[in-house]
Structure formats: structure tokens, C-alpha cells
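Subject: Structure handover

Hello,

Here is the structure for you to look over. My notes come after it.

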Amino acid sequence: MPRFSVIVPAYKVQAYLQESLDSVLSQSYPDLELIAVDDASPDACGAIIDEYAARDPRVTAVHLAHNLGLGPARNAGLARAGGDYVLFLDGDDTLAPGALQAITDRLKATGSPDVLVYDYARSFWTGELVRNRLAHRLREEGPASFRLADRPSLLGMLMVVWNKAYRRVYVEREGLSFPPGFYEDTPWTYPALLAAESLAVLDRVCVHYRQRRTGSILTTSTRRHLDVFDQYERVFGYLATRPELERWRPAVHRRMAEHFCVLYAHRGRIPHGARPEFFARASALLRRHRATGAGSGSLPPSPSRTDRLRHALMRLGLRRAYRLLSVLRSASLAAGRAGAAPVRGVRESCLRLHYRIQRLLPLRPELAVFSAYWHGGYACNPAAIEAKLRELAPRMRTAWICDPRHTPTLPPETTPLRPGSAAYWTALARATYLTTNVNFDRALVKRPGQILVQTQHGTPLKRVGLDLQDRPAATPTPDFAGLLRGADQWDYLLSSNRHSTLVWERAVPSSYTTLEYGYPRNDVFHRATRSDVLELRERLGVPPGSTAVLYAPTHRDYRRSRPEHLDFERVLRDLGPRFTLLARTHLTYAGRDRPWDPHPRLIDVSAHPSVEELCLASDALVTDYSSLMFDYAVLDRPIVIHADDWEAYEAARGTYFDLRACPPGAVARTEDELVDIFATGHWQGSRSAQLRSAFRSRFCSFDDGHAAERVVRRVFLGQSAPLPAITPPEDRHPAPPAPSQAPEATPAHRYAF
């Protein structure tokens, strides 16, 4: 029998669940069982739980057939618990290191109480940990164990289930269980504390309570918040069956009033149309269960007159007076905050006014606006979606935001929009659909009815979003709050693999819906023919029969200037006349690069508008840490990694995995090794093919040539089904490379895999 049973319910927490489970299994005190309950979660929670159960015998996986909610999910875990003590942990929270050792030590020191109450800290997206402000109530003073009457202040702490350890025999004896609905902690926690014959406290943070920006109960607007009334009815129903606990009625009543006032003040939880009903039901419940007198077990009177007045107004049903009190309080807090707005230029002021006026006009359901790469040309995922939209919904009108110098890249059917112009602001105000692979103007005010699609522009190897908070070299002027404000406007986020889904949901948390549809820009890899490939090579100037190698390094966050590239003359000399290099510098160095020395087999393709065309035209890719490798793998053509500064790159930017441990092909640590890999044929050998196959299986799972169609049908046409199903990898047929006359392979002597 284990010492602890830790029950972790999971529903739509795939971005946090691994961290939560790891925090339990990595505890220094190992005598535990972890019961993870998949509450029919539609994301990867079930698969993650199964993975942990397969590799650690302490993990029990429980899968519910239907989504039942947090309470019933905990009950399902409780039914399988066999530990001396039961702990609950939500799937997005974590146990602090050493927590279980501290808990078991305290249990021994206090004589195995029925309930041990420990502390928690709120964990914010900024990385800040803020300890519970009522931590002083957990001071380990006085008797080691006690009853609630000895320390009634515990009843004034947050009524949650996950900051306590419960003796399992006590739970079974009292018949404690969770009801359905929101606020299911309430009818569990009050009886657990009130009926306990022995309580103890631990003055230590044992749980990190994640403050999710979106997706949690506290940030969800729904009528289900009215479940709180049924939960308190259950608490008072319990008191009615236990006459010896009736003295606690006044204390519970006051805590209930405080809870109702907090909920009513939070306009993001209770829908506007349900607020009158909430107030009326709160008033009725407060009157029905009011107890006269303070009662020996009550909490000390509230020091705030305003709080007592609010409770009274709500109990009496005086909603207008309650609202007036709230307005007066808000007005006093806001006094003196007003400041003079900065004076803007006349033109900018006029444009802002124009934008405000346009936002008052109806949306245009047939207008879709696109952009890519900070007002760049027609490219990437937005371009593929725009083309497919015109094909499947010819009635739609499309517009593209781009700098005038990129206008020639646009198809004639789409309207160019110059950034900052009146037409630009009109389009942002009136378009129903907005699609980008970066971010729109920060002054964008997303209107109700507008739909914003964030496509992203690559699978993240390097850290992104909030995961860069400890990387100053990668974020010289970080504005993480601004980043999250932008993400709050996203309705949909595209993902090409499960790795990307988990990274983005954790690193940029918001309320968007992730569409695991693949990257639309990679659809062309499945549509292009051999003749298309040959035509592209001819247009680029690749000699017939030559092996074309696309060289596409990424930028370096730890240096301002462009890093030194390969010694092209030396590399081409050593490889011989059958190889041609297509060299593409990263877009962040555009306009700052020195021209490369001319060479008949070196083609500068940095200005070519379509990287997808360059991939199709090439026979192999050489890159360092560019996300292009994930897209190129869709073609199932050789990839060689030139990782000559991995340690410096990882230290500056940070990565999600060690690319050298699971590369898409051969890895060269030096220029000599890179030459050897090509000269000996290992770039296209069987070992490289094996590595590429494993890489494709992990990162190309959704890229089957139908991503753009899925996006258009789901987002623009409103079709949830039928969408094109994901084609199995074995049935995919990417574009074939051009016929090559590369020399046969000879044994290698310096390379790494």
C-alpha cells in the first residue's frame, strides 16, 4: 500500500499535463501512486497519460467514456486510490519539489491527522510565484493537531481541495465525494474540515497554482457559474444532517456571502443576461440559510464596513443599491488616474478617427484580409489559404497588406493594401476574416464577429513566447504582455504537428482554438509534378543533371551582424562540378548582407519570393537550426544539419529538444564534415533515410497536401464536417526530385549522426 495516492484529473490541459505529472513522479519521496484521469478530453491528454502509465508502474491511467466534469473525474480516481493519504492535483498545476517529503514528515510529527492543510503559491505566466496572502494562518504553533474550533481561521482560506492531504480511511468513513458542476470543491471541503477529529497544518508551499490567462473556470463566461448555488445547498444540507455541526452555520453563511460577491463582481464569469438571475438566487439563498447570532464557531467579524454592507444589500435583494455602491467604490479608486493623452500628428489623428468610424459600420462578410512577414509579399501559409479561398469560394473578395515594393508578388485577383493608409484601416475595421503568419497592427481592435487566423510560419525548434522570458539575448526589448494581448485576438492557430500544438498552447496561452490541419504552404509539395520541378530549376539557372543543394541558415540572436556563412568557393571546389548551391540568407539580414563573391555554381536566391519553390527545385537541404527543415522533410528529400555553433545558439535562444540527438539526417559539426557527408554520399545514404523517416513521423504528421482546404472549409465556409481526412503517411506521394547525376557514394570517414 503506497503512502500517497495523488489524483490528477485532466481535461483540455495538454500543454501543462506533462509538467504536472512530472512534478509528482520526480518527487524525492517516491512511495506514491499517481492516478491520472482522462475526462474524455478531446486533445492529447489521454495519449499523454497512457505514455506515462506505460513507462512508470506507479501511474494508473483512467479513461472516462464521456466528459463528466472535474468532480466526477476526481471520484473516478478516488475509487481506485489505495494510499494512506489522498492528494488532489489539477492537471495544469504542479507539486513543488520536495512537497511529498515535507508532507509525510509533518504527518508523522502530528500523529496522522484526518486532514493536513498546506500552503500554495500562485504561478503566473511571467514566471512570478506569489505565496498565498493568508499563509500566516498556517503557522506551526500550538498543538500539533487540533480541531477546527481551535483554529477557525482555517475556514477563511481558499476553499479548494488541492491544498490538503486527506486520510483515506477518514474520507471513506465520512462518505466524502464530489458532486457534478462548477465549484465542486465547496461541498467537499467544508464537510472535510468541519467533521475532522484532527487537523494539522504545514507552513510550506507544496502546490504551484497556475494562473491560466484563459481556459480555466475562472476565465470562462458561462451560466455554469450559477452551479455555485446548488453546491452551497449541499453544504447546508450536510449541516442539517449533523446537528453537532450546526454552530458553524453563521461562519459558512458569511463565507458564502463573500463568495457570491466575488463572483458577481467578476463580469468575465457570469454572462450579462444571467446577472439578474444570479443576484436574485444569491439573495434567496442568503435569506434562506441565514443564522442569527455569531455562533461559537464563526469567524471574526469582517473589518470592512463596505463588505458587510455589500453582503446585506445582496441578502436583501437591493441590486440597484448594490450596483451604486460598486460604482462609487470604482470611482474613488479611479480618481486621479486620468492623464493627458500624447499629442498625435494631424494625419495620424485623422486616420485613427477614420478607423473608429469604420468600426461602427457593418462587417463585410465577403471580405478577407491577409498578410505575411510584417507587410511582406504574397507568401507562406496566408498565401496558400488565400489561393484556396478564391478556388472554393469565388464570391469572396481578398485583400493583401504589403509594402508597395512587394505588390508585384500579389495575384491580380487580390487587392493590395498599403500599411497605414485609409484603405488599410477600412479593411481592418470592416473585414470579417483576418489571416496572418505574424501579427496585425497593435492598434487593431478586433470586433465581435471578426475571425482572426494565426497561421504561424514554422515548427518551433527554438523557444518562443513566454518561454523566452529568461533569454535576454533573444528578446532585447521584450513585451510579453503585448504578445499575449495580440494572442487574445486569435480565434484559430494552425499547427502542423503535435509538438507545435503543445509548445504554442503553453508558450502563448490564450483562448484560441488550435487546428491541427498541417501547414497550407506545404500543400504544393504534394501537388507539384516532375515537370514543375524541372521548370523551376531551369528558371533558377540550375544546370541540367546538377545536384542542387539549398543552403538556408537561420539568424543568430546572440549577434547583431550576419554570421559568417560557408566558404562557398572551397565547398564547391571540393564537391566538384556536379553540385550547385542555392544560397538563401535569412530575411532578418535582408539589405544588410555583403554580396557573395560570384561563382558559376553559386546561385543567390535570397530575394526569391517563394521558399517552397526553392525546396521543390533542390535535391537536398543544408541548414543549421532553421524551421525550414520541418517543412522540407515533407518532401522526403535528404537534409543535412550544419551544427557548428549549437552550444552558443542553445545558450542564447534556447531550444525544445537537442536537434543533434534526433536529426532529420546527417549532422556536420564542421565545414570539413559537411564536405565529407556530400563527397561520400552519406547525405543520401540509408542511415540518413532512417533518420529522416523518424523525423517525418514526428513532425510531418498532418502535412498531407490538404491543409489549405481544411482551413477554408472550417473557418471561411463554416463546415465542421466533412473535412478532408488526414492521409496516412504511407499513402502520401510528395513531388519527385529532378533526375540527378550525382557520383556514387564512397565510404565516409568524418561525420556524425
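Below are the overall figures, then the sheets, the helix packing and the salt bridges.

This is a predicted model: local features need pLDDT of at least 70, side-chain atom pairs count only at pLDDT 80 or more, and totals for chains, interfaces and linings use all residues. Residues are numbered from 1 along each chain as its sequence is written, and side-chain values use heavy atoms, with hydrogens and water left out.

Overall

The protein has 25 helices and 22 strands. Both are DSSP runs numbered from the N terminus: helices are H or I with at least four residues, strands are E with at least two. Along the principal axes, the C-alpha atoms fill a box of roughly 95 × 65 × 45 Å. Of the 753 residues, 55% count as buried. Buried means under 20% relative accessible area, exposed means over 50%, and partly exposed lies in between (1.4 Å probe, protein chains only). Take the contacts between residues at least 6 apart in sequence: 75% of them join residues at least 24 apart. A contact means heavy atoms within 4.5 Å.

Two strands count as paired if DSSP finds at least two bridges between them. Strand β11 (residues 397-401) is joined to β12 by three bridges, and the two run parallel. Ile-401 stands opposite Leu-417 in β12.

Three bridges connect β18 (residues 579-583) with β19, in parallel. Ala-583 has Asp-604 of β19 as its bridge partner.

Helix packing

Helix α9 (residues 275-288) has two packing contacts to look at here, with α7 and with α8. Axes are lines fitted to C-alpha atoms, for helices over the stretch in contact, and angles between N-to-C directions run from 0 to 180 degrees. Under 35 degrees counts as roughly parallel, over 145 as roughly antiparallel, 65 to 115 as roughly perpendicular, and the rest as oblique.

The axes of α7 (residues 227-241) and α9 come within 10 Å and cross at roughly 10°. The two helices are therefore roughly parallel. Val-228, Phe-229, Asp-230, Tyr-232 and Glu-233 of α7 meet Phe-278, Arg-281, Ala-282, Leu-285 and Arg-288 of α9. By class, this contact has six nonpolar, no polar and four charged residues. Ala, Val, Leu, Ile, Met, Phe, Trp, Tyr, Cys and Pro count as nonpolar, Asp, Glu, Lys and Arg as charged, and the others, Gly among them, as polar.

Helix α8 (residues 249-265) packs on α9 at about 175°, with the axes 11 Å apart. That makes α8 roughly antiparallel to α9. On the α8 side, the residues in contact include Met-256, Phe-260 and Leu-263; those from α9 include Phe-278, Phe-279 and Leu-286. The classes are ten nonpolar, one polar and one charged.

Salt bridges

The whole structure has 47 salt bridges. Each is a side-chain nitrogen of Lys or Arg within 4 Å of a carboxyl oxygen of Asp or Glu.

- Arg-3 and Asp-84 meet at 3.5 Å, N to O. They are 81 residues apart, with Arg-3 in the segment before β1 (4-10) and Asp-84 in the loop between α3 (70-78) and β4 (85-88). Arg-3 is buried at 12%, while Asp-84 is partly exposed at 30%.
- Lys-388 and Glu-391 have their closest N and O atoms 3.2 Å apart. Both are in helix α13 (residues 380-392), three residues apart, about one turn. Lys-388 is buried at 16%; Glu-391 is exposed at 53%.
- Arg-570 and Glu-671 meet at 3.2 Å, N to O. Arg-570 is in α19 (residues 568-575) and Glu-671 in α23 (residues 671-679), so the pair ties together parts 101 residues apart in sequence. Arg-570 is buried at 19%. A network of salt bridges links Arg-570, Arg-573, Asp-574, Glu-671 and Asp-672.

Best wishes
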